[in-house]
Amino acid sequence: MTRSLDDARRRPANAERVPPHNLDAETAVLGAMLVTPAAIAAALDVVAADDFYRPAHGHIFETVTSLYLKGEATDGLTVTDQLRRRGLLETVGGASVLTDLAADTPATGSAARYGRIVAEYATVRRLVGVAGEIAEMGYDGPDDLAGKLDRARDMLAALRSGGGGALVIRTFVDIEAEQVDWLWQGRIPRGMVTIAAGDPGVGKSFVMVALSAGLSVGAALPGEDRSRQPTGSLLVSYEDAAGVTLKQRLAACGADERMVHNLDGVVDGVGLRPFRPDDARHLERELERRPDVGLVVVDPVGSLLAGKLDTSRDNEVRGALLPLVDMARRTNTAVVAVMHLRKEDAQRVIYRVGGSVGGFVGLARSVLLLGREQQFGRRALAHAKCNVGPESPSVEYIIDEAGRFMWKGVADDLGAETLLAAGERHHTKLGAAVAWLLDRLDAGPVLRSQVVADGDEHGFSFATLRRAYDEIGADSVQHGVPGKLGKGPSYWFLPDQLAQAPK
Amino acid sequence: MATLQPEDSTDRSAALDEVACRLEAAARMLAYVLIFDDFVDLETAASAAIRLIERAQHFVRLAAA
(Lines give C-alpha, C1' and ligand atoms only; values in the text may rest on other atoms or scores of the structure.)
Protein backbone atom coordinates (compact mmCIF):
# COMPACT_ATOMS: atom_id res chain seq x y z
CA MET A 1 0.00 0.00 0.00
CA THR A 2 1.19 3.50 -0.71
CA ARG A 3 -0.35 5.02 2.42
CA SER A 4 -1.75 3.67 5.63
CA LEU A 5 -5.39 2.77 5.87
CA ASP A 6 -5.89 5.09 8.81
CA ASP A 7 -4.36 8.06 6.94
CA ALA A 8 -6.55 7.44 3.97
CA ARG A 9 -9.67 7.04 6.01
CA ARG A 10 -9.22 9.97 8.36
CA ARG A 11 -12.29 12.03 8.87
CA PRO A 12 -12.63 15.55 7.54
CA ALA A 13 -12.50 18.62 9.74
CA ASN A 14 -16.26 18.84 10.17
CA ALA A 15 -16.33 15.45 11.86
CA GLU A 16 -19.53 16.07 13.73
CA ARG A 17 -21.49 14.68 10.76
CA VAL A 18 -21.22 11.00 9.90
CA PRO A 19 -19.39 10.70 6.57
CA PRO A 20 -21.38 9.00 3.82
CA HIS A 21 -20.83 5.25 3.62
CA ASN A 22 -22.58 2.02 2.72
CA LEU A 23 -21.81 -0.88 5.05
CA ASP A 24 -24.15 -3.21 3.18
CA ALA A 25 -22.07 -2.83 0.03
CA GLU A 26 -18.86 -3.28 2.01
CA THR A 27 -20.00 -6.53 3.61
CA ALA A 28 -21.50 -7.74 0.32
CA VAL A 29 -18.28 -7.34 -1.65
CA LEU A 30 -16.15 -8.87 1.11
CA GLY A 31 -18.54 -11.81 1.47
CA ALA A 32 -18.46 -12.45 -2.26
CA MET A 33 -14.67 -12.38 -2.20
CA LEU A 34 -14.63 -14.99 0.56
CA VAL A 35 -16.97 -17.25 -1.41
CA THR A 36 -15.24 -17.23 -4.79
CA PRO A 37 -11.91 -15.99 -6.20
CA ALA A 38 -13.73 -14.72 -9.29
CA ALA A 39 -15.27 -12.04 -7.09
CA ILE A 40 -11.82 -10.98 -5.90
CA ALA A 41 -10.69 -10.40 -9.45
CA ALA A 42 -13.82 -8.38 -10.14
CA ALA A 43 -13.50 -6.33 -6.96
CA LEU A 44 -9.80 -5.60 -7.43
CA ASP A 45 -10.60 -3.73 -10.61
CA VAL A 46 -12.90 -1.25 -8.93
CA VAL A 47 -12.14 -0.85 -5.25
CA ALA A 48 -9.13 -0.54 -2.91
CA ALA A 49 -8.59 -1.28 0.77
CA ASP A 50 -8.61 2.40 1.69
CA ASP A 51 -12.05 2.81 0.07
CA PHE A 52 -13.73 0.96 2.95
CA TYR A 53 -15.31 3.10 5.62
CA ARG A 54 -14.97 0.53 8.39
CA PRO A 55 -11.26 -0.09 9.07
CA ALA A 56 -11.92 -3.76 9.80
CA HIS A 57 -13.33 -4.14 6.32
CA GLY A 58 -10.24 -2.55 4.82
CA HIS A 59 -8.05 -5.00 6.71
CA ILE A 60 -10.08 -7.96 5.49
CA PHE A 61 -9.98 -6.70 1.91
CA GLU A 62 -6.24 -6.18 2.08
CA THR A 63 -5.68 -9.64 3.54
CA VAL A 64 -7.85 -11.42 1.00
CA THR A 65 -6.31 -9.62 -1.98
CA SER A 66 -2.75 -10.18 -0.79
CA LEU A 67 -3.40 -13.92 -0.51
CA TYR A 68 -5.08 -13.93 -3.90
CA LEU A 69 -2.24 -12.08 -5.60
CA LYS A 70 0.21 -14.59 -4.18
CA GLY A 71 -1.87 -17.36 -5.72
CA GLU A 72 -2.95 -18.79 -2.37
CA ALA A 73 -6.38 -19.96 -1.24
CA THR A 74 -8.73 -17.24 -0.06
CA ASP A 75 -11.34 -19.03 2.01
CA GLY A 76 -12.37 -18.37 5.59
CA LEU A 77 -9.64 -20.57 7.05
CA THR A 78 -6.69 -19.08 5.20
CA VAL A 79 -7.91 -15.52 5.67
CA THR A 80 -8.45 -16.16 9.39
CA ASP A 81 -4.95 -17.56 9.67
CA GLN A 82 -3.43 -14.63 7.82
CA LEU A 83 -5.31 -12.08 9.92
CA ARG A 84 -4.12 -13.89 13.05
CA ARG A 85 -0.51 -13.75 11.84
CA ARG A 86 -0.86 -10.02 11.23
CA GLY A 87 -2.38 -9.50 14.67
CA LEU A 88 -5.63 -8.24 13.15
CA LEU A 89 -8.03 -11.11 13.83
CA GLU A 90 -9.47 -9.59 17.00
CA THR A 91 -9.55 -6.14 15.35
CA VAL A 92 -11.84 -7.38 12.61
CA GLY A 93 -14.10 -9.15 15.10
CA GLY A 94 -12.83 -12.74 14.94
CA ALA A 95 -13.26 -15.61 12.54
CA SER A 96 -17.03 -15.66 12.92
CA VAL A 97 -17.20 -12.28 11.15
CA LEU A 98 -15.69 -13.90 8.09
CA THR A 99 -18.17 -16.78 8.09
CA ASP A 100 -21.02 -14.29 8.45
CA LEU A 101 -19.71 -12.20 5.58
CA ALA A 102 -19.52 -15.25 3.31
CA ALA A 103 -22.95 -16.52 4.34
CA ASP A 104 -24.79 -13.25 3.83
CA THR A 105 -23.46 -11.85 0.57
CA PRO A 106 -26.36 -11.40 -1.85
CA ALA A 107 -24.69 -12.40 -5.15
CA THR A 108 -21.05 -13.17 -5.84
CA GLY A 109 -21.56 -12.29 -9.50
CA SER A 110 -22.32 -8.71 -8.47
CA ALA A 111 -19.05 -8.19 -6.60
CA ALA A 112 -17.90 -5.51 -9.05
CA ARG A 113 -21.15 -3.61 -8.54
CA TYR A 114 -20.81 -3.75 -4.76
CA GLY A 115 -17.19 -2.67 -5.11
CA ARG A 116 -18.14 0.30 -7.25
CA ILE A 117 -20.65 1.41 -4.62
CA VAL A 118 -17.95 1.21 -1.95
CA ALA A 119 -15.55 3.17 -4.16
CA GLU A 120 -18.16 5.84 -4.93
CA TYR A 121 -18.86 6.40 -1.24
CA ALA A 122 -15.12 6.62 -0.62
CA THR A 123 -14.87 9.30 -3.28
CA VAL A 124 -17.64 11.40 -1.77
CA ARG A 125 -15.98 11.07 1.66
CA ARG A 126 -12.78 12.35 0.09
CA LEU A 127 -14.77 15.13 -1.53
CA VAL A 128 -16.04 16.13 1.92
CA GLY A 129 -12.46 16.06 3.22
CA VAL A 130 -11.11 18.12 0.34
CA ALA A 131 -13.96 20.60 0.73
CA GLY A 132 -13.02 21.01 4.39
CA GLU A 133 -9.38 21.64 3.52
CA ILE A 134 -10.36 24.16 0.83
CA ALA A 135 -12.61 25.88 3.37
CA GLU A 136 -9.67 26.09 5.79
CA MET A 137 -7.54 27.72 3.08
CA GLY A 138 -10.34 30.26 2.58
CA TYR A 139 -10.54 31.08 6.27
CA ASP A 140 -6.78 31.75 6.23
CA GLY A 141 -7.36 34.90 4.18
CA PRO A 142 -6.37 36.11 0.69
CA ASP A 143 -2.58 35.60 0.99
CA ASP A 144 -1.25 33.70 -2.02
CA LEU A 145 -4.73 33.54 -3.47
CA ALA A 146 -3.57 32.29 -6.88
CA GLY A 147 -1.63 29.47 -5.22
CA LYS A 148 -4.61 28.51 -3.08
CA LEU A 149 -6.87 28.38 -6.11
CA ASP A 150 -4.35 26.20 -7.93
CA ARG A 151 -4.09 23.86 -4.97
CA ALA A 152 -7.87 23.68 -4.65
CA ARG A 153 -8.18 22.84 -8.34
CA ASP A 154 -5.47 20.17 -8.07
CA MET A 155 -7.12 18.62 -5.02
CA LEU A 156 -10.44 18.32 -6.84
CA ALA A 157 -8.75 17.03 -9.99
CA ALA A 158 -7.00 14.36 -7.92
CA LEU A 159 -10.39 13.15 -6.73
CA ARG A 160 -11.53 12.65 -10.29
CA SER A 161 -8.44 10.70 -11.31
CA GLY A 162 -8.11 8.65 -8.15
CA GLY A 163 -10.08 5.81 -6.68
CA GLY A 164 -9.90 2.03 -7.06
CA GLY A 165 -6.91 -0.24 -7.41
CA ALA A 166 -4.75 -0.93 -4.39
CA LEU A 167 -1.08 -0.95 -5.28
CA VAL A 168 0.66 -4.11 -4.25
CA ILE A 169 4.41 -3.63 -4.23
CA ARG A 170 6.87 -6.36 -3.33
CA THR A 171 10.63 -6.13 -2.97
CA PHE A 172 12.48 -8.58 -5.17
CA VAL A 173 14.16 -10.24 -2.25
CA ASP A 174 10.65 -11.44 -1.29
CA ILE A 175 9.77 -12.60 -4.79
CA GLU A 176 10.55 -16.23 -5.48
CA ALA A 177 11.98 -17.17 -8.84
CA GLU A 178 9.49 -19.16 -10.89
CA GLN A 179 10.06 -21.63 -13.70
CA VAL A 180 7.85 -21.53 -16.75
CA ASP A 181 5.42 -24.43 -16.66
CA TRP A 182 5.31 -25.62 -20.28
CA LEU A 183 2.38 -27.52 -21.70
CA TRP A 184 4.38 -28.08 -24.89
CA GLN A 185 8.02 -27.65 -24.01
CA GLY A 186 9.38 -24.36 -25.29
CA ARG A 187 6.29 -23.50 -27.33
CA ILE A 188 3.07 -23.32 -25.32
CA PRO A 189 3.34 -22.16 -21.69
CA ARG A 190 0.73 -22.92 -19.07
CA GLY A 191 -0.91 -19.99 -17.32
CA MET A 192 -0.49 -17.74 -20.37
CA VAL A 193 -1.98 -17.02 -23.76
CA THR A 194 -0.31 -18.31 -26.94
CA ILE A 195 -1.29 -17.21 -30.43
CA ALA A 196 -1.32 -19.69 -33.31
CA ALA A 197 -1.59 -17.65 -36.51
CA GLY A 198 -1.57 -18.51 -40.16
CA ASP A 199 -3.21 -18.07 -43.53
CA PRO A 200 -6.46 -19.91 -44.20
CA GLY A 201 -5.93 -23.49 -45.33
CA VAL A 202 -2.62 -24.20 -43.63
CA GLY A 203 -4.24 -26.52 -41.11
CA LYS A 204 -4.31 -24.42 -37.95
CA SER A 205 -7.43 -26.08 -36.59
CA PHE A 206 -6.08 -29.52 -37.46
CA VAL A 207 -2.86 -28.78 -35.60
CA MET A 208 -4.88 -27.81 -32.54
CA VAL A 209 -6.84 -31.07 -32.75
CA ALA A 210 -3.62 -33.03 -33.16
CA LEU A 211 -2.16 -31.22 -30.18
CA SER A 212 -5.21 -32.06 -28.08
CA ALA A 213 -5.05 -35.67 -29.24
CA GLY A 214 -1.39 -35.99 -28.32
CA LEU A 215 -1.98 -34.47 -24.91
CA SER A 216 -4.97 -36.71 -24.27
CA VAL A 217 -2.87 -39.86 -24.50
CA GLY A 218 0.16 -38.38 -22.78
CA ALA A 219 2.32 -38.52 -25.89
CA ALA A 220 5.58 -36.64 -26.21
CA LEU A 221 5.05 -33.81 -28.68
CA PRO A 222 7.62 -32.93 -31.37
CA GLY A 223 10.81 -31.62 -29.84
CA GLU A 224 10.09 -33.30 -26.51
CA ASP A 225 12.03 -36.28 -25.26
CA ARG A 226 9.58 -37.73 -22.75
CA SER A 227 5.91 -38.54 -22.48
CA ARG A 228 3.60 -36.84 -20.00
CA GLN A 229 0.55 -37.49 -17.87
CA PRO A 230 -2.53 -37.55 -20.11
CA THR A 231 -3.84 -33.99 -20.20
CA GLY A 232 -7.29 -32.78 -21.13
CA SER A 233 -8.23 -30.04 -23.59
CA LEU A 234 -11.24 -27.83 -24.10
CA LEU A 235 -12.02 -26.72 -27.65
CA VAL A 236 -13.93 -23.49 -28.19
CA SER A 237 -14.50 -23.74 -31.92
CA TYR A 238 -16.56 -21.21 -33.82
CA GLU A 239 -16.09 -22.74 -37.26
CA ASP A 240 -15.81 -26.53 -37.06
CA ALA A 241 -18.77 -28.71 -36.06
CA ALA A 242 -18.00 -30.79 -33.00
CA GLY A 243 -19.88 -33.87 -34.15
CA VAL A 244 -18.48 -33.89 -37.64
CA THR A 245 -15.12 -32.28 -38.30
CA LEU A 246 -13.64 -32.22 -34.82
CA LYS A 247 -14.74 -35.70 -33.81
CA GLN A 248 -13.47 -37.20 -37.05
CA ARG A 249 -10.15 -35.45 -36.75
CA LEU A 250 -9.75 -36.45 -33.13
CA ALA A 251 -10.43 -40.05 -34.04
CA ALA A 252 -7.97 -39.84 -36.94
CA CYS A 253 -5.34 -38.49 -34.56
CA GLY A 254 -5.89 -41.30 -32.06
CA ALA A 255 -7.22 -39.09 -29.29
CA ASP A 256 -8.58 -40.40 -26.04
CA GLU A 257 -11.96 -38.69 -26.51
CA ARG A 258 -12.67 -38.83 -22.80
CA MET A 259 -9.97 -36.21 -22.34
CA VAL A 260 -11.06 -33.72 -24.99
CA HIS A 261 -14.06 -31.49 -24.40
CA ASN A 262 -16.03 -29.14 -26.60
CA LEU A 263 -17.61 -25.92 -25.42
CA ASP A 264 -20.95 -25.87 -27.23
CA GLY A 265 -21.85 -22.40 -25.99
CA VAL A 266 -23.32 -20.63 -23.01
CA VAL A 267 -26.89 -21.07 -21.83
CA ASP A 268 -28.50 -17.87 -20.68
CA GLY A 269 -32.04 -16.55 -20.38
CA VAL A 270 -32.51 -16.62 -24.16
CA GLY A 271 -30.91 -19.95 -25.06
CA LEU A 272 -27.58 -21.27 -26.24
CA ARG A 273 -25.30 -18.48 -27.40
CA PRO A 274 -21.61 -18.32 -28.37
CA PHE A 275 -18.94 -17.98 -25.71
CA ARG A 276 -17.87 -14.36 -25.12
CA PRO A 277 -14.88 -12.85 -23.30
CA ASP A 278 -17.00 -11.90 -20.31
CA ASP A 279 -17.93 -15.58 -19.89
CA ALA A 280 -14.35 -16.24 -18.81
CA ARG A 281 -15.39 -16.31 -15.15
CA HIS A 282 -17.80 -19.17 -15.88
CA LEU A 283 -15.09 -20.95 -17.78
CA GLU A 284 -12.66 -20.41 -14.93
CA ARG A 285 -15.06 -22.07 -12.54
CA GLU A 286 -15.54 -24.94 -14.96
CA LEU A 287 -11.81 -25.43 -15.27
CA GLU A 288 -11.50 -25.52 -11.50
CA ARG A 289 -13.91 -28.45 -11.61
CA ARG A 290 -11.93 -30.13 -14.37
CA PRO A 291 -8.33 -30.11 -13.20
CA ASP A 292 -7.38 -32.54 -15.98
CA VAL A 293 -7.81 -29.77 -18.56
CA GLY A 294 -4.49 -28.11 -19.33
CA LEU A 295 -5.31 -26.57 -22.72
CA VAL A 296 -8.07 -24.26 -23.92
CA VAL A 297 -8.20 -23.57 -27.66
CA VAL A 298 -10.21 -20.62 -28.95
CA ASP A 299 -10.57 -21.04 -32.71
CA PRO A 300 -10.59 -18.46 -34.16
CA VAL A 301 -10.18 -15.81 -31.53
CA GLY A 302 -11.56 -13.20 -33.91
CA SER A 303 -14.99 -14.82 -33.58
CA LEU A 304 -14.76 -14.42 -29.84
CA LEU A 305 -14.65 -10.69 -30.39
CA ALA A 306 -16.91 -10.50 -33.44
CA GLY A 307 -19.64 -7.94 -33.33
CA LYS A 308 -18.46 -6.48 -30.08
CA LEU A 309 -15.26 -4.73 -30.88
CA ASP A 310 -13.20 -2.88 -33.36
CA THR A 311 -10.23 -5.26 -33.40
CA SER A 312 -7.95 -2.54 -34.71
CA ARG A 313 -8.40 -0.63 -31.46
CA ASP A 314 -5.80 -1.64 -28.98
CA ASN A 315 -7.61 -0.82 -25.79
CA GLU A 316 -10.81 -2.57 -26.79
CA VAL A 317 -9.00 -5.73 -27.81
CA ARG A 318 -6.93 -5.81 -24.66
CA GLY A 319 -9.99 -5.20 -22.55
CA ALA A 320 -11.83 -8.04 -24.20
CA LEU A 321 -8.96 -10.51 -23.98
CA LEU A 322 -7.75 -9.68 -20.50
CA PRO A 323 -10.37 -11.92 -18.88
CA LEU A 324 -8.87 -14.85 -20.80
CA VAL A 325 -5.36 -13.84 -19.78
CA ASP A 326 -6.42 -13.63 -16.15
CA MET A 327 -8.25 -16.94 -16.41
CA ALA A 328 -5.18 -18.63 -17.86
CA ARG A 329 -3.03 -17.28 -15.05
CA ARG A 330 -5.38 -18.21 -12.25
CA THR A 331 -6.11 -21.71 -13.53
CA ASN A 332 -2.59 -22.38 -14.85
CA THR A 333 -4.17 -23.36 -18.14
CA ALA A 334 -2.55 -22.83 -21.52
CA VAL A 335 -4.88 -20.77 -23.70
CA VAL A 336 -4.18 -20.95 -27.43
CA ALA A 337 -5.85 -18.28 -29.54
CA VAL A 338 -6.04 -19.36 -33.18
CA MET A 339 -5.91 -16.46 -35.57
CA HIS A 340 -5.98 -15.76 -39.28
CA LEU A 341 -3.12 -13.62 -40.52
CA ARG A 342 -3.99 -10.20 -41.82
CA LYS A 343 -3.65 -9.58 -45.49
CA GLU A 344 -1.45 -6.52 -45.32
CA ASP A 345 2.12 -7.14 -46.34
CA ALA A 346 4.42 -6.62 -43.42
CA GLN A 347 7.98 -7.57 -42.83
CA ARG A 348 7.66 -8.94 -39.34
CA VAL A 349 5.37 -11.76 -38.41
CA ILE A 350 4.31 -10.28 -35.13
CA TYR A 351 3.14 -7.11 -36.84
CA ARG A 352 0.85 -9.13 -39.05
CA VAL A 353 -0.96 -11.00 -36.32
CA GLY A 354 -4.41 -9.77 -35.45
CA GLY A 355 -5.86 -6.34 -35.85
CA SER A 356 -3.74 -4.79 -33.18
CA VAL A 357 -0.13 -5.38 -32.27
CA GLY A 358 -0.56 -4.36 -28.67
CA GLY A 359 -3.92 -6.06 -28.43
CA PHE A 360 -3.40 -9.63 -29.52
CA VAL A 361 0.33 -10.07 -29.70
CA GLY A 362 1.09 -7.88 -26.73
CA LEU A 363 -0.99 -10.12 -24.48
CA ALA A 364 0.44 -13.36 -25.83
CA ARG A 365 3.65 -14.68 -24.32
CA SER A 366 4.27 -16.99 -27.25
CA VAL A 367 3.32 -16.56 -30.90
CA LEU A 368 3.40 -19.52 -33.27
CA LEU A 369 3.16 -19.09 -37.02
CA LEU A 370 1.67 -21.87 -39.14
CA GLY A 371 2.28 -21.88 -42.85
CA ARG A 372 3.64 -23.58 -45.92
CA GLU A 373 6.96 -22.93 -47.53
CA GLN A 374 6.89 -21.87 -51.13
CA GLN A 375 8.84 -24.46 -53.07
CA PHE A 376 7.34 -27.77 -51.98
CA GLY A 377 4.45 -26.63 -49.91
CA ARG A 378 5.80 -28.21 -46.73
CA ARG A 379 3.71 -27.28 -43.72
CA ALA A 380 5.29 -26.16 -40.49
CA LEU A 381 4.69 -24.50 -37.17
CA ALA A 382 7.34 -21.90 -36.40
CA HIS A 383 8.03 -19.72 -33.40
CA ALA A 384 7.56 -16.02 -34.16
CA LYS A 385 7.84 -14.63 -30.66
CA CYS A 386 8.47 -15.94 -27.17
CA ASN A 387 8.65 -13.75 -24.07
CA VAL A 388 9.30 -16.54 -21.61
CA GLY A 389 12.16 -18.42 -23.22
CA PRO A 390 14.16 -18.84 -26.41
CA GLU A 391 12.27 -19.42 -29.63
CA SER A 392 12.00 -23.13 -30.39
CA PRO A 393 12.86 -24.83 -33.70
CA SER A 394 10.07 -25.21 -36.25
CA VAL A 395 8.05 -28.39 -36.43
CA GLU A 396 6.91 -29.84 -39.74
CA TYR A 397 3.58 -31.58 -40.13
CA ILE A 398 1.69 -33.34 -42.91
CA ILE A 399 -2.02 -33.48 -43.69
CA ASP A 400 -2.65 -35.98 -46.44
CA GLU A 401 -5.58 -36.14 -48.82
CA ALA A 402 -7.26 -38.79 -46.69
CA GLY A 403 -7.38 -36.28 -43.86
CA ARG A 404 -4.66 -37.87 -41.77
CA PHE A 405 -2.41 -35.67 -39.70
CA MET A 406 1.17 -36.56 -38.91
CA TRP A 407 3.91 -34.71 -37.11
CA LYS A 408 7.02 -35.03 -39.25
CA GLY A 409 9.40 -33.65 -36.67
CA VAL A 410 11.70 -30.69 -36.09
CA ALA A 411 12.54 -28.76 -39.26
CA ASP A 412 15.11 -26.05 -38.67
CA ASP A 413 14.92 -24.83 -42.26
CA LEU A 414 11.27 -23.76 -41.98
CA GLY A 415 11.56 -20.60 -39.90
CA ALA A 416 8.85 -18.02 -39.45
CA GLU A 417 10.29 -15.72 -42.09
CA THR A 418 10.36 -18.55 -44.64
CA LEU A 419 6.73 -19.38 -43.99
CA LEU A 420 5.80 -15.73 -44.02
CA ALA A 421 7.54 -15.13 -47.34
CA ALA A 422 5.41 -17.88 -48.85
CA GLY A 423 2.33 -16.52 -47.13
CA GLU A 424 2.80 -13.09 -48.66
CA ARG A 425 2.42 -14.63 -52.08
CA HIS A 426 -0.99 -16.03 -51.26
CA HIS A 427 -2.45 -12.58 -51.44
CA THR A 428 -1.86 -12.26 -55.20
CA LYS A 429 -3.82 -14.27 -57.77
CA LEU A 430 -0.75 -16.25 -58.73
CA GLY A 431 0.18 -16.71 -55.08
CA ALA A 432 -3.27 -18.00 -54.29
CA ALA A 433 -3.07 -20.37 -57.25
CA VAL A 434 0.35 -21.59 -56.08
CA ALA A 435 -1.03 -22.26 -52.61
CA TRP A 436 -4.08 -24.02 -54.01
CA LEU A 437 -2.05 -26.15 -56.40
CA LEU A 438 0.40 -27.16 -53.67
CA ASP A 439 -2.53 -28.22 -51.59
CA ARG A 440 -4.21 -30.08 -54.44
CA LEU A 441 -1.07 -32.03 -55.32
CA ASP A 442 0.02 -32.56 -51.76
CA ALA A 443 -1.15 -36.16 -51.59
CA GLY A 444 0.31 -37.24 -54.91
CA PRO A 445 -0.09 -36.97 -58.71
CA VAL A 446 -3.50 -35.83 -60.01
CA LEU A 447 -4.96 -35.97 -63.51
CA ARG A 448 -4.31 -32.67 -65.24
CA SER A 449 -7.89 -32.48 -66.47
CA GLN A 450 -9.06 -32.93 -62.88
CA VAL A 451 -6.71 -30.21 -61.63
CA VAL A 452 -7.94 -27.82 -64.31
CA ALA A 453 -11.58 -28.57 -63.54
CA ASP A 454 -11.06 -28.15 -59.79
CA GLY A 455 -9.05 -24.99 -60.35
CA ASP A 456 -11.82 -23.56 -62.47
CA GLU A 457 -14.23 -24.09 -59.60
CA HIS A 458 -11.87 -22.06 -57.40
CA GLY A 459 -11.66 -19.26 -59.95
CA PHE A 460 -8.24 -20.09 -61.42
CA SER A 461 -7.89 -20.00 -65.19
CA PHE A 462 -5.77 -22.59 -66.95
CA ALA A 463 -3.17 -19.90 -67.73
CA THR A 464 -2.87 -18.99 -64.04
CA LEU A 465 -2.62 -22.64 -63.07
CA ARG A 466 0.07 -23.19 -65.67
CA ARG A 467 2.08 -20.26 -64.26
CA ALA A 468 1.60 -21.68 -60.76
CA TYR A 469 2.76 -25.05 -62.11
CA ASP A 470 5.96 -23.41 -63.36
CA GLU A 471 6.36 -21.40 -60.20
CA ILE A 472 6.49 -24.41 -57.92
CA GLY A 473 8.54 -26.48 -60.35
CA ALA A 474 5.83 -29.10 -60.73
CA ASP A 475 6.21 -31.85 -63.27
CA SER A 476 3.94 -33.96 -65.43
CA VAL A 477 3.87 -37.36 -66.97
CA GLN A 478 1.72 -38.65 -69.81
CA HIS A 479 1.05 -42.27 -70.65
CA GLY A 480 -0.89 -43.89 -73.36
CA VAL A 481 -3.65 -46.30 -72.53
CA PRO A 482 -3.19 -49.79 -73.99
CA GLY A 483 -5.60 -50.40 -76.83
CA LYS A 484 -6.45 -46.71 -77.30
CA LEU A 485 -5.11 -44.12 -79.70
CA GLY A 486 -3.46 -40.88 -78.58
CA LYS A 487 -1.01 -39.92 -75.91
CA GLY A 488 -3.22 -40.77 -72.96
CA PRO A 489 -3.96 -38.84 -69.78
CA SER A 490 -1.48 -36.42 -68.25
CA TYR A 491 -0.75 -36.24 -64.52
CA TRP A 492 0.66 -33.29 -62.57
CA PHE A 493 2.79 -33.84 -59.50
CA LEU A 494 5.14 -32.02 -57.17
CA PRO A 495 8.92 -32.16 -57.67
CA ASP A 496 9.41 -34.67 -54.87
CA GLN A 497 6.68 -37.04 -56.10
CA LEU A 498 8.36 -38.52 -59.13
CA ALA A 499 8.40 -41.96 -57.55
CA GLN A 500 4.63 -41.81 -57.18
CA ALA A 501 3.98 -40.78 -60.77
CA PRO A 502 1.99 -43.32 -62.84
CA LYS A 503 4.24 -45.65 -64.79
CA MET B 1 -29.96 -5.36 1.27
CA ALA B 2 -32.68 -5.09 -1.32
CA THR B 3 -30.61 -2.70 -3.46
CA LEU B 4 -27.78 -5.20 -3.61
CA GLN B 5 -29.71 -8.05 -5.19
CA PRO B 6 -28.41 -9.53 -8.46
CA GLU B 7 -28.85 -7.24 -11.43
CA ASP B 8 -29.76 -9.94 -13.89
CA SER B 9 -31.89 -12.58 -12.27
CA THR B 10 -32.70 -14.12 -15.66
CA ASP B 11 -29.14 -15.22 -16.27
CA ARG B 12 -29.47 -18.93 -15.59
CA SER B 13 -25.79 -19.63 -15.97
CA ALA B 14 -24.88 -16.95 -13.44
CA ALA B 15 -27.52 -18.27 -11.05
CA LEU B 16 -26.10 -21.78 -11.27
CA ASP B 17 -22.64 -20.38 -10.61
CA GLU B 18 -24.01 -18.76 -7.47
CA VAL B 19 -25.43 -22.10 -6.38
CA ALA B 20 -22.21 -23.95 -7.04
CA CYS B 21 -19.89 -21.58 -5.25
CA ARG B 22 -22.19 -21.33 -2.23
CA LEU B 23 -22.55 -25.07 -1.83
CA GLU B 24 -18.81 -25.38 -2.14
CA ALA B 25 -18.27 -22.66 0.47
CA ALA B 26 -20.75 -24.30 2.84
CA ALA B 27 -19.09 -27.70 2.48
CA ARG B 28 -15.66 -26.18 3.00
CA MET B 29 -16.80 -24.31 6.07
CA LEU B 30 -18.18 -27.45 7.68
CA ALA B 31 -15.11 -29.45 6.76
CA TYR B 32 -12.80 -26.87 8.29
CA VAL B 33 -14.68 -26.69 11.54
CA LEU B 34 -14.43 -30.45 11.90
CA ILE B 35 -10.72 -30.56 11.09
CA PHE B 36 -9.26 -27.42 12.67
CA ASP B 37 -9.68 -26.58 16.32
CA ASP B 38 -8.78 -22.91 15.96
CA PHE B 39 -11.45 -22.07 13.38
CA VAL B 40 -14.96 -21.00 14.43
CA ASP B 41 -17.16 -23.18 16.65
CA LEU B 42 -19.51 -25.74 15.12
CA GLU B 43 -22.65 -23.73 15.82
CA THR B 44 -21.31 -20.65 14.02
CA ALA B 45 -20.13 -22.68 11.05
CA ALA B 46 -23.39 -24.60 10.83
CA SER B 47 -25.41 -21.39 10.96
CA ALA B 48 -23.32 -19.84 8.19
CA ALA B 49 -23.50 -23.02 6.10
CA ILE B 50 -27.29 -23.10 6.43
CA ARG B 51 -27.53 -19.49 5.27
CA LEU B 52 -25.25 -20.25 2.33
CA ILE B 53 -27.47 -23.19 1.37
CA GLU B 54 -30.63 -21.11 1.77
CA ARG B 55 -29.12 -18.51 -0.48
CA ALA B 56 -28.20 -21.24 -2.95
CA GLN B 57 -31.84 -22.38 -2.91
CA HIS B 58 -32.85 -18.86 -3.85
CA PHE B 59 -30.63 -19.06 -6.92
CA VAL B 60 -31.90 -22.53 -7.77
CA ARG B 61 -35.38 -21.03 -7.94
CA LEU B 62 -34.08 -18.18 -10.10
CA ALA B 63 -32.40 -20.64 -12.45
CA ALA B 64 -35.57 -22.68 -12.73
CA ALA B 65 -37.78 -19.66 -13.39
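How many bridges join β14(A) to strand β16 of chain A? There are two, and these strands, with β16 covering residues 490-493, run antiparallel. This is a predicted model, in which local features need pLDDT of at least 70 and side-chain atom pairs count only at pLDDT 80 or more, while totals for chains, interfaces and linings use all residues; side-chain values use heavy atoms, with hydrogens and water left out. Residues are numbered from 1 along each chain as its sequence is written, and chains are lettered from A and ligands numbered from 1 in the order in which they are written.

The strands β14, β16 and β15 of chain A form, in that order, an open antiparallel sheet. Strands here are DSSP runs of E with at least two residues, helices are runs of H or I with at least four, and both are numbered from the N terminus. Two strands pair if DSSP finds at least two bridges between them. Because β14 (446-447) and β15 (475-478) of chain A each have a single partner strand, one side of each is left without a neighbour in the sheet. Within β16(A), Y491(A) is the bridge partner of L447(A). Helix α20 (residues 462-471) of chain A packs on this sheet and touches β15 and β16 of chain A, where contact means heavy atoms within 4.5 Å.

Chain A also holds an open sheet of nine strands with mixed pairing, in the order β5-β4-β8-β9-β3-β10-β11-β12-β13. Its edge strands are β5 (260-262) and β13 (405-410) of chain A, each of which pairs on one side only. Inside the sheet, β8 (residues 293-299) and β9 (residues 334-340) of chain A run parallel and are joined by four bridges. One residue pair there is L295(A) with its bridge partner A334(A) in β9(A).

Chain B has two helices and zero strands. Of its 65 residues, 40% are buried, meaning under 20% relative accessible area, with exposed set at over 50% and partly exposed in between (1.4 Å probe, protein chains only). What is the relative accessible area of F36(B)? The value is 32%, so F36(B) counts as partly exposed. This residue is placed in the loop between α1 and α2 (42-64) of chain B. Helix α1 of chain B spans residues 12-35.

Technical notes:
Axes fitted to C-alpha atoms, helices over the stretch in contact; angles between N-to-C directions.
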